[in-house]
Every structure is written in C-alpha cells, then in structure tokens.
Amino acid sequence: MRRPDLGDLTAHVVAFGRVLRERGVLCGPGEIADALRALGRVDVLDPEQFRLALRTTLVHSHHDLRVFDALFPLYWSPFPPVEAPGESGEEGVAQEEPAPERGHLSMERWAGAEETEGEQEVPGYSALEVLTRKDFSTFTDRELEEIGKLVVAIARRIATRMSRRMQRARHSHRLDLRRTMRLHLRWGGDLPELAFKRRRIRKTRLVLLCDVSGSMDIYSRFLIQFVYALQEAVGNVESFVFSTSLTRVTPALRSRTLREALDRLSRTVPNWSGGTRIGASLMQFLEGWRHLLDPRTVVVILSDGWDTGDVEVLHRAMREIRARSGRVIWLNPLLGSPGYQPLTRGMQTALPFVDVFAAAHNLESLRELERTLAARARRTGRRE
Amino acid sequence: MRPTLGNIEQILQALEQEGYIADREIATAIYLSIELHKPLLVEGAAGVGKTEIAKVMSQALGTDLIRLQCYEGLDVNTALYEWNYPKQMLRIRLEEGTDRTVEEKEQTIFSEAFLLRRPLLQAITHHRAPVLLVDEIDRADVEFESFLLEVLSDWQVTIPEIGTIRARHIPYVVLTSNRTRELSDALRRRCLYLWIDYPSFEKELRIVLRKVPGISQLLAEQIAAFMHLVRRLDLQKVPGVAETLDWSLALLRLHRDHLDRTSVEETIGCLFKHHEDQRLVRGPWLDAALAAIHEAQRDGEGLARALSRIERTLKA
C-alpha cells in the first residue's frame, strides 16, 4: 500500500541513511528497507510517527541514537526539531511532505567533502570544534608493512600470554551428563565413568584509549597500528581514540587490512590531530561506555598527558575509571626520552590513579608491555 | 493470522490497561516490532522497565511469555534443550532384562519423550506465537550470542538425535541488555532498537500514582520531583523506577504524607545502595532540594515547570 508520494520519500530516506552512514552509524540497505516498510505502516504525515519509525529502524545503539537525534532535524528541516515538542502542533502537521531542502544542502557538503583529497577542514555537527581529517597517504605501503609485522608479532605474544594466564587461573570442570549417559548405555548398570567438559574461561577485556591529538602526531600513527594489531589478535578489545572528543573505533579497526582500517578511521574520526582534552574525552567515555568497565577490565591509555582542558574533570574521570576497572595502564611515549619527568598538569593529575606507567615510543617498549599486561590484575573491590 | 495490537494508539491504551505507563516512543517500537516481525532490542539503565515490555506485550497480545534469563556460561543445554537424564537412567534400568539391542534402547531414550524443552525450544514449538524474552543478553557469552543470532535468523534448530525442528509460529522476540558489554553488530542489525531513558517528571508521577494505590497527589509529586533532581547528581548507581516504587511504598507504609529530612533519611536505603551515594544525598543538597520542592508546590507554580529552575539553583 504505497502512497503516491512515497517515491520521493524513498529517495530521501536512502539519502538520509547515507548521511547517517557517513557519520559512522551502522546503516545499510537492510536498515533502509526496514525503514521504508515501517513508513508504510505508520502515518507518515504525522511528524512524530515519521521520526519514531525512522529512529526505531535505522539505528541500533544508544550512541548512534545521539547521532540520529542530532542529524534528523537538520536533514528533515521542515519538521520541528526533536527538542521542541511544543511546536509540533503549529507547523508540523501542516507540512504536506518532507522536502528537506535547506538541511539537505549542508548534508551534501559533508558527504561531498569525503571525495576531496588530503587534509582539510570540514564542518562537523559541533560547530565550535575545528575538525580536521588526516591524510594517511604519507605512509608508504612498505613502511606500514614492516612496522606492522613487528607490531603484530608483539600483539600476538601479548594475546597468548594473556590467555595462558587466564586458563591457569580457572581450571574447573563440569560434569558432561550427556556423554556420561551414552557411556552408561554402552556399559549398562551403574555409572561406569563420568565424562567432564571444561568450563568456559572468563575473559579479560581490554579497553584501549589512544590519544591522537596534535602533540601525539608522530606517535599516534604507530600506536594506532599497535591498537589495530592488538584488536586483531586479542578477542575482547574495545578501542577508542580521542583528542578534543572521543570516538569508538572498534568497528573501524575490524577491517581486514590495516590500510582499510586507516581509511575508515580517517572517515569516522572527526578531529584527528586537534587539541587535547583528555579529561573531557575520558568523561565522554564514561558517559557512553561506563558499562564496559568491571574488575576484569584492563584499561590502557596511550597519551603524553598534555591536557589543555580542566584538570578537575580529568581527576574525576581517572578516579572513576580506576574504581571500576581491574587495572589502569598509562603508556606515555615521552617517557622514553631521556630526562623526561611527568610534570605536566594532566600527567600529575592522572598518575595517582595509574597502576602501571610505562613508555610507548618504540617497539621495545611495546614488548615490555607484554609482561605488564600478562601480570595478575590488581585485586580490587568496588568502592564500598 | 497473527494477533496484532492494531495501531500505535491502541498499543498505548493496551499498555496502560496492563499498568505500564508508556510513551509514544515505546509504543511505536513495539508496534513496529510486531508489524515488521523483527526482534526488539531494548537497552537502558537498570530499573527503567525493560523486562516489563515483554511481559506487558504478552498480556496485551493475549499470548504466553517465555523467558530466557541469560548469564555468563549460559549454554545450549540450558537455553535450548536437555535430555532428561534421570528418566533415561530409569528406562535403561527397566530394560536391563530385555533382549533389545543397544541401538534400539538408544533410539528410545533419545526420543522426544525424554527431551526437556528449554525456553528457546519451547518458544519455537509453542502452539501459538508466544513472546520470547531474552533477558540481559549482554551477560551471555559471545558464543551464545552467535548461536542465538542463528536461531533468530533461521527459526529452526537441529538436535542431532532427533533432527531439525522448525518453528511452528515465529515468536515475538524482545531482547534486553544492560550494556555490560557491547553486543555484536550482527545481532544489533537483526533487531529494531529501543532505548529507554529514566522517565520524565510527568511520566514518573503517573507511574507512582498508578502503581502505588493510596498515595496522595502531593507526596507523589514530591517523590517524582525528588527523583528527577537526585538523578542529576554524580552518583555511583542512579536509582531507577523500580527504586522509586520501592521508596514510595516504604514511605506509605511509614505513614509519611510529605518528604522531609527525617523521612528521606529513614528510607534512604530503598534508593541508594552505595555508601558514597547515601552520603552525597544526605549532605546539604538534601535540605536545598527539599526546600525548593516544597516552595514550588506551595506557590502553586507547578513542579513540572519549576524543575529546570530548581535544577539550575541546586547546581549553583
């Protein structure tokens, strides 16, 4: 039961889906199809129903909901903004059809910006922030490959070391009744032999928070490779990058090759090489992903500790991260340089909450990390 | 023909009749989940009424609710089916004297009569489409999640001894997650998504009035306003709607007709389960918040309108 004007609408829904995808939302043909089916079942002339139908079908996570809520009023501009339900009665219903001219234009600028090469500024949805995109092409393939091999080798060893530790830690068995019963049937009489199965191993989770601000520039390319390799080698890893704000990059790094991963990163991370607000970024992590932290989680922060933001915020964030997670490791590339003292305000604030403070400026220091990560987690109780 | 709930308005009414105060967002998600025949993934903080959605959905649809509670280490034997071992063992005993071959015996004890149907199998073999609630899927292992994804896609399961069992009616599925870990993108994309936030002042007021019979409008308003304000604090564990209701009942039982420092301190354990949170709330914040609530109520300003102003004052 298609409405006559659904044709135009379809094109717009497809375009809106593309806009969401550009901002890192998981939104493919399946979602678009669901959205169109949903629109066939609600009153599309009711702005609220229209919005909710798209919201329920195009988005699959809380984080993406925020992106949706920010973009929806921009794209479907004749519809009243989400934040102002009071206005819907006056102008919303009167609109015959969503004709997203104004908002759509700015969207196309964003979408178009993707085609241009190199480093340039593009408008983001936080207008205050100077958002830059980093050109990764300065890496030569050969360089990538060489460093990559080494980094992967280290990451693999870390992965093995971690899992070995965990297997030894939990060595309990459970009765396998099903197999026991079969044995029983074969031999008749009473239970001849008990069959056991191994209990599942509880896995440690790794949360990686990598600083990609300007001051980290020469290291972050290298560290991203490490994060990529680690995520590939260890199953349970969540990765984030931050400068002035934080982006979850776990899905982007799940690409088959590093180059592909870097491509996706440059598209999804809006503020590569920007300023640094560690505290605010960590707070953002806590707001959106606090649930990832538990006593089995090891948090690794890769940063030089140059924070231009509020140290009070950093203090609160670090305190909570430490309270909720099993271990906090801070890797500072500057720690490798001779005579370096961690005297920056940010570093000073964070240090009391760090279990391991180590260097990360070259491959050797990453090898060092292998031992650190494999060590038994600090015993923590939650704060009472 | 699958029973449906009609349009979104009817769903809202049905939910309300079942005692669930919902907004259009929730109603739309439920409606589309039924109409598009897709599982509904419900996320949100603990105690905002995620599980309730499935319960109410089954009541409103007039169908059964089958619940699968997830936990770490949940395996196929607990979720799908298990053989009834004691019964098998008895049968083996009974047949000890007979001259049936091992193969024959095996066929008997691994037949449907010896099968224990766990929630997933129950759901797909049910005589009419039930509501299947997969509760706290984030607690199950990644391996189980993949298995579940398979079931949700194919609606059939294979039991080696019996063969493939196809769903008679495809269940309505509700999955809930407290986000203790990120779910796979594959599972997410299989589902429609609903995020339930802490309720607004108005919604919470309606919930309290509805769920706590005998409570006065005055006290209910104070409670809803208090909850609204207290959730803005930097707490270890933000209290949900379940806590609000516990607290309201406790206040009622103690014959309190309004909130003051004493009544809050007496009942603070209903709301806050962390020592630090209790200390934070008991501090000067409590007096300021209570005074502001009472004042707004006295002036007849309407708490709903006063709240954002009070919020700013308290922050300062």
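Chain B meets chain A through 35 of its own residues, which are in contact with 32 residues of chain A. Two residues are in contact if their C-beta atoms, placed from the backbone, lie within 7 Å. Six named elements of chain B give two or more residues to this side: helix H2 (24-35), helix H5 (85-94), helix H6 (102-109), helix H9 (185-190), strand E9 (192-196) and helix H14 (275-282). H2(B) gives the most, with 6 residues. By class, the side of chain B that touches chain A has 13 nonpolar, 6 polar and 16 charged residues. Here Ala, Val, Leu, Ile, Met, Phe, Trp, Tyr, Cys and Pro count as nonpolar, Asp, Glu, Lys and Arg as charged, and the others, Gly among them, as polar.

This is a predicted model, in which local features need pLDDT of at least 70, side-chain atom pairs count only at pLDDT 80 or more, and totals for chains, interfaces and linings use all residues. Residues are numbered from 1 along each chain as its sequence is written, while chains are lettered from A and ligands numbered from 1 in the order in which they are written.

Now take the chains one at a time. Chain A has 15 helices and 8 strands. Helices (H or I, at least four residues) and strands (E, at least two) are DSSP runs, numbered from the N terminus. Of the 384 residues in chain A, 38% are buried. A residue is buried if 20 or more other C-beta atoms lie within 10 Å of its own, exposed if 12 or fewer, and partly exposed in between; C-beta atoms are placed from the backbone. Take the contacts in chain A between residues at least 6 apart in sequence: 70% of them join residues at least 24 apart.

Chain A holds an open sheet of 6 strands, in the order E5-E4-E3-E6-E7-E8, with mixed pairing. Two strands pair if DSSP finds at least two bridges between them. Which strands stand at the edges? They are E5 (246-248) and E8 (356-359) of chain A. Each has a single partner strand, so one side of each is left without a neighbour in the sheet. From one strand to the next, the twist averages 20°.

Look at strand E3 (residues 205-211) of chain A. 7 of its 7 residues are buried, so E3(A) is largely enclosed by the rest of the structure. In a regular strand the side chains alternate between the two faces of the sheet. In E3(A), Arg205(A), Val207(A), Leu209(A) and Asp211(A) point one way, while Leu206(A), Leu208(A) and Cys210(A) point the other way.

E3(A) runs parallel to E6(A), and 6 bridges join them. Arg205(A) stands opposite Thr297(A) in E6(A). E3(A) also pairs in the parallel sense with strand E4 (residues 237-242) of chain A, over 6 bridges. There, Leu206(A) stands opposite Val237(A) in E4(A). Strand E6 (residues 297-302) of chain A is in turn joined by 5 bridges to strand E7 (residues 327-332) of chain A, and these two run parallel. Val299(A) stands opposite Val328(A) in E7(A).

Turn to chain B. It has 16 helices and 9 strands. Of its 316 residues, 38% count as buried.

Helix H10 (residues 201-211) and helix H11 (residues 217-230) of chain B have axes that come within 9 Å and cross at roughly 135°. Axes are lines fitted to C-alpha atoms, for helices over the stretch in contact, and angles run from 0 to 180 degrees between N-to-C directions. H10(B) and H11(B) are therefore oblique to each other. Angles under 35 degrees count as roughly parallel, over 145 as roughly antiparallel, 65 to 115 as roughly perpendicular and the rest as oblique. Residues that meet here include Phe201(B) and Leu205(B) in H10(B), and Ala220(B) and Ile223(B) in H11(B). By class, this contact has 9 nonpolar, 1 polar and 2 charged residues.

H11(B) also packs with helix H16 (residues 303-315) of chain B: their axes come within 10 Å and cross at roughly 35°. The residues of this contact divide into 6 nonpolar, 1 polar and 2 charged.

Finish with one residue. Arg181(B) is found in the loop between strand E8 (172-177) and H9 of chain B. Is Arg181(B) buried or exposed? With 21 C-beta neighbours inside 10 Å, Arg181(B) counts as buried. Leaving aside its neighbours within four places in sequence, Arg181(B) is in contact with Leu292(A) and Asp138(B).
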